[in-house]
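This briefing covers aromatic pairs, charges over rings, strand pairing and helix packing. Please read it with the structure open.

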Amino acid sequence: MINAFMQTRVSSSRLPSKVLKNIHGLPMFVQQAKRIQQCKKIDKLIVITSTEKSDDILEVICKENNLLCFRGDLNNVLSRYYYAQLAYPCEHAVRVTADCPVIDSTLIDHVINAHLLSNNDYTSNCLKSSFPDGLDTEVISKHALLDAYKYAKKPSELEHVTPYICNNPQKYKLQNIQSETDLSNHRWTVDEPEDFALISAIYDHLYTQNHYFNYQDILHLLSMKPELSSINAQFSRNEGMLKSLKQDKEEGYE
């Protein structure tokens, strides 16, 4: 059994309520959920949000769109994944975040295939970035997720779920899936208003022809309209993780 857990919340600090923003008639996170549901290797998709009152709306929208929903701790996202996995048991968990509304189901399946074929504890396409930011997919074995829940202590490990596993390669079998061409300069995630402007433009150009356009379709669009990439080019990758690592230091973790 392989379940995908898509973490989301309304209280984003950089772009509040971003996951509720409308993309072609649906909240952004619902559009992303529909894309993930195209995966052939995933048995269930569960939206995992917090128990904060501000996230009540997410549970309501999930019910309206026949999406499974689990609620847990706001800040300890690792514990949210752990208890969600208990509620929806699986041997492998796929971790995705709900601010990536052009995520590619075929690429997710590719990462899952590699994970299963190599009997890995952890497989992703973002241990070393080579795909566009916004296509990140992580697959975690049940054993590794349990270990992380038991032993992770740092703020970065609790908020970002997988750093404990990734930082202990002597304990876990890890694999990174690389793109044949380095595409890491592309930013297709949504953290800033400019990010959403780019995503909206991509949907405007591609959605009517194919609701489930893939990342090659986006690359082709951007090659035809290179001005689109400049919309959010000023922002750097992994700003959230850098903030968490700073908090680690402030709390005395090395």
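Rings of Phe, Tyr and Trp (its six-membered ring) pair if their centres lie within 6.5 Å. On that basis, ring pairs join Y82, Y83 and Y149 into a cluster. The model is predicted. A search of the whole structure finds 9 aromatic pairs.

**The pair Y82 and Y149**

- Y82 and Y149 form a stacked aromatic pair, at 3.8 Å centre to centre and with 5° between the planes.
- This pair links distant parts of the chain, since Y82 belongs to helix α3 (residues 77–87) and Y149 to helix α5 (residues 142–151), 67 residues apart.
- Y82 has a relative accessibility of 15% and counts as buried, because buried means under 20% relative accessible area.
- Y149, at 28% relative accessibility, counts as partly exposed.

**The pair Y203 and F213**

- The ring centres of Y203 and F213 are 5.2 Å apart and the planes stand at 80°, so this pair is edge-to-face.
- Y203 sits in helix α8 (residues 193–206), while F213 sits in the loop between α8 and α9 (215–224), so the pair ties together parts that are 10 residues apart in sequence.
- Y203 is buried, with a relative accessible area of 0%.
- F213 also counts as buried, at 1% relative accessibility.

**Charges over rings**

- R35 lies over the face of F213, 4.4 Å from the ring centre; F213 is thus a residue with an aromatic partner, Y203, and a charge over its ring.
- K21 lies over the face of F196, at 5.3 Å from the ring centre.

- Strand β1 (residues 2–7) is mostly covered, with 6 of its 6 residues buried.
- Which residues of β1 are buried on each of its faces? On one side they are I2, A4 and M6, and on the other N3, F5 and Q7.
- β1 pairs with strand β6 (residues 92–97) in the parallel sense, over 6 bridges.
- Within that pairing, H92 in β6 is the bridge partner of I2.
- β1 also pairs with strand β4 (residues 44–50) in the parallel sense, over 5 bridges.
- Between β1 and β4, N3 stands opposite K44, and F5 has I46 as its bridge partner.

**Strand β4 and strand β5**

- β4 is largely enclosed by the rest of the structure, because 6 of its 7 residues are buried.
- β4 runs parallel to strand β5 (residues 68–72), and 5 bridges join the two.
- I48 has F70 in β5 as its bridge partner.
- β4 therefore has parallel pairings with β1 and with β5, where two strands pair if DSSP finds at least two bridges between them.

**Helices α8 and α9**

- How do α8 and α9 pack, and at what angle? The angle is about 100°, and the axes are 11 Å apart.
- α8 and α9 are therefore roughly perpendicular to each other, as angles of 65 to 115 degrees count as such.
- On the α8 side, the residues that meet α9 are I202, H205 and L206.
- Their counterparts in α9 are D217, I218 and L221.

How values were computed:
Residues numbered from 1 in each chain as written. Predicted model: local features only at pLDDT ≥ 70, side-chain atom pairs only at ≥ 80, totals over all residues. Heavy atoms only, no water. Phe/Tyr/Trp six-rings, centres within 6.5 Å; stacked < 30°, edge-to-face > 60°. Helix = DSSP H or I, 4+ residues; strand = E, 2+ residues; numbered from the N terminus. Buried < 20%, exposed > 50% of the residue type's maximum accessible area, 1.4 Å probe, protein only. Lys NZ or Arg CZ within 6 Å of the ring centre and 35° of its normal. Axes fitted to C-alpha atoms, helices over the stretch in contact; angles between N-to-C directions. Parallel < 35°, antiparallel > 145°, perpendicular 65-115°, else oblique. Contact = heavy atoms within 4.5 Å.
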